[in-house]
Amino acid sequence: MKIDHIELREIQLPLVHFFETSFGRTTVRRIVLVRVDAGGLTGWSEVTCGETPFYSHETPDTAWHILRDFLIPWTLKKEVASASEVAPLFAPIRGHNMAKAALENALWDIQAQQEGVPLARLVGGTLQEIPCGVSIGIQNSVEELLEKIQREVDAGYQRIKVKIKPAWDVEVLDRIRQRFPSIALMADANSAYTLDDLPRLKLLDRFYLMMIEQPLGWDDILDHVRLQRELSTPLCLDESIHSAGDARKAIEAGACKIINIKLGRVGGFTSARKIHDTCRAKNVPVWCGGMLESGIGRAHNIALSALPGFTLPGDVSASKRYWAEDIIEPEVTVTPEGTIRVPETPGLGFAPRLDRIEQLTVRRESFG
Ligand code: OSB
Ligand code: MG
């Protein structure tokens, strides 16, 4: 495919309900969309960074800069045989994986259309339906959290993840377990603890959680090894894993028993598939994480989640949990069994709504 034209846009999209983690609260998303035109086909993707450099160093503005000043000049007007060819081209840039992933993943969408196959099949997906969970943020009160959990359990979601931090952990999980003794439950700390909190973290074992996600430092492996030795609950790494090498080291060291793969954090489908393969060879289950994506990023997540090693429910859920109106057609919906059916049409399987994207656009730049 010859990359003829690339367009960046920023859209602003309010969440139907705020989303709060140990590092802060989000009410309106700023989402950078990437549109690539190549050989008469159009591919779409989204930069999955947060608005603030708190989950990772990337923000919409750093991604725009890296795309405009490096990744786009390196690829525009170039002929590439396949989407995965750009991954080594981008390697000299250290980090900025979400910017890299956005450009690479738009090319995967184009390649899937070119080959006339669903994106999920192109990347190696075998599942026809993916198991879904939800991630529920910190609420204003425990009562509100319990009501939200009830709603998601009633909707059929297969597991519930709650966000925790010191002062919103043991008591909250205790209340959840009193009301929902048998749901599949897990907790995500987004690096809110240190090894000094070991006694408190040990208390979490009594809630028989599926896993605790990223309790310690966002760039740590070794302290997680020490913590995993002290806990019976499996640890899952999110922030610490950016490559198949990171995954291998974390697993070999015993830092975690499960890995969350996010397309943006790891730099795109090429890297995500390698991490998947590394984990599968070591019998480590993986699941697809979420970054409060619009329908475009969500469609990419569905394709990734179809790979055979994605055996645990991911944070990939219905559009309506996030948006009054999504930017794709149809919106992402979840079956009463808590699954999403993987599209069977070529490419993403969801059409970007150009009129709506246009209305939401606050910034745009075209190249080529
Ligand atoms: O740690 O998984 C996380 C959202 C923003 C930043 C980090 C995380 C999350 C989520 C939300 O948990 C998952 C989703 O519903 O998209
Ligand atoms: Mg996480």
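This is a predicted model, in which local features need pLDDT of at least 70, side-chain atom pairs count only at pLDDT 80 or more, and totals for chains, interfaces and linings use all residues. Residues are numbered from 1 along each chain as its sequence is written, chains are lettered from A and ligands numbered from 1 in the order written, and side-chain values use heavy atoms, without hydrogens and water.

Q: How far is an oxygen atom of ligand 1 from an N or O atom in the side chain of Lys 163?
A: Polar contacts here are pairs of N or O atoms within 3.5 Å. For the Lys 163 side chain, the distance to an oxygen atom of ligand 1 is 3.0 Å.

Q: How many disulfides does a search of the whole structure find?
A: A disulfide is counted when two cysteine sulfur atoms lie within 2.5 Å. The sulfur of Cys 256 is too far for a bond, because the closest cysteine sulfur, in Cys 236, is 6.9 Å away. Cys 279 is in no disulfide either, with the sulfur of Cys 256 nearest at 7.4 Å. The search total is 0.

Q: Is Cys 279 buried or exposed?
A: Buried means under 20% relative accessible area, exposed over 50% and partly exposed in between, using a 1.4 Å probe and protein chains only. Because its relative accessibility is 0%, Cys 279 counts as buried.

Notes
Polar contact = N/O pair within 3.5 Å; in protein donor to acceptor, adjacent residues only side chain to side chain.
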